[in-house]
Amino acid sequence: GGLDILVNNVGSNIRKSTLDYTEEDYQKLMSINLESVWDLMRSCYSWLKASGNGAVVNVSSVAAQRAIRTSTAVYAMTKAAVEQLTRFLATEWGPDNIRVNAVLPWYIATPLVQSVLEDEEKLKNIIARTPMQRVGQPEEVARAVTFLCLPAASYVTGTCLPVDGGFLALGS
């Protein structure tokens with residue numbers, strides 16, 4: 001009968017150089033990573049507003065803020081757009097008691113990055129750029145998402161929370 005929480009946890013990547021991207025590759029990532037978030041948020045707005053205390057959490061990426069050698073330009077563009085959409089809708093929907101936040105994971109042990117993490121040289125580089133010296137786990141991102149949905153975060157909106165083992169703080 002209602003909707004209190006919306007989590008946009010979607011993401012895909014096509015790991016190839018920018019010049020090797022086809023129009024189909026580009027459209028696929030734009031559709032999965034950005035358009036689905038846009039469409040779902042707009043579709044759920046009235047239910048979130050009716051709840052009187054709606055919470056939206058979008059899953060972006062640290063790639064929205066830093067160039068990452070093992071990522072791609074299109075992936076980074078889509079996640080940067082999700083991050084900015086998060087901030088914008090936090091201000092637009094705040095008066096309707098809808099909080100909009102995002103989490104920005106770094107390397108999390110998921111199937112999306114399995115091929116990267118299996119490459120010893122790439123894994124070594126990732127660990128070297130992570131102050132906590134390890135890859136994150138899915139439940140660590142889930143806990144951050146959960147916090148942003150709870151009453152404990154009732155005055156938090158427009159935040160893009162890194163879940164990155166210190167990667168963005170290191171800045172390298």
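This briefing describes the sheet, the helices packed on it and the nonpolar cores of one structure. The model is predicted, so local features need pLDDT of at least 70 and side-chain atom pairs count only at pLDDT 80 or more, while totals for chains, interfaces and linings use all residues. Residues are numbered from 1 along each chain as its sequence is written, and side-chain values use heavy atoms, with hydrogens and water left out.

**Sheet**
- Four strands form an open sheet in the order β1-β2-β3-β4, with parallel pairing; strands are DSSP runs (E, at least two residues), as helices are (H or I, at least four), numbered from the N terminus, and two strands pair if DSSP finds at least two bridges between them.
- Because β1 (5–8) and β4 (160–163) stand at the edges with a single partner strand each, one side of each is left without a neighbour in the sheet.
- β3 and β4 pair in the parallel sense over four bridges, and V103 stands opposite L161 in β4.

**Helices on the sheet**
- Helix α1 (residues 23–51) packs on the sheet and touches β1, β2 (54–59) and β3, where contact means heavy atoms within 4.5 Å.
- Helix α5 (residues 138–149) also packs on the sheet, touching β1, β2, β3 and β4.

**Nonpolar cores**
- The largest nonpolar core has 18 residues, of which V62, I68, W106, Y107, L117, I126 and F167 touch the most other members; such a core is a set of buried Ala, Val, Leu, Ile, Met, Phe, Trp, Tyr and Cys residues joined through side-chain atoms within 4.5 Å, and buried means under 20% relative accessible area (1.4 Å probe, protein chains only).
- Apart from this core lies another, of 15 residues, among them V37, M41, L48 and V56.

Note on methods. Buried < 20%, exposed > 50% of the residue type's maximum accessible area, 1.4 Å probe, protein only. Axes fitted to C-alpha atoms, helices over the stretch in contact; angles between N-to-C directions.
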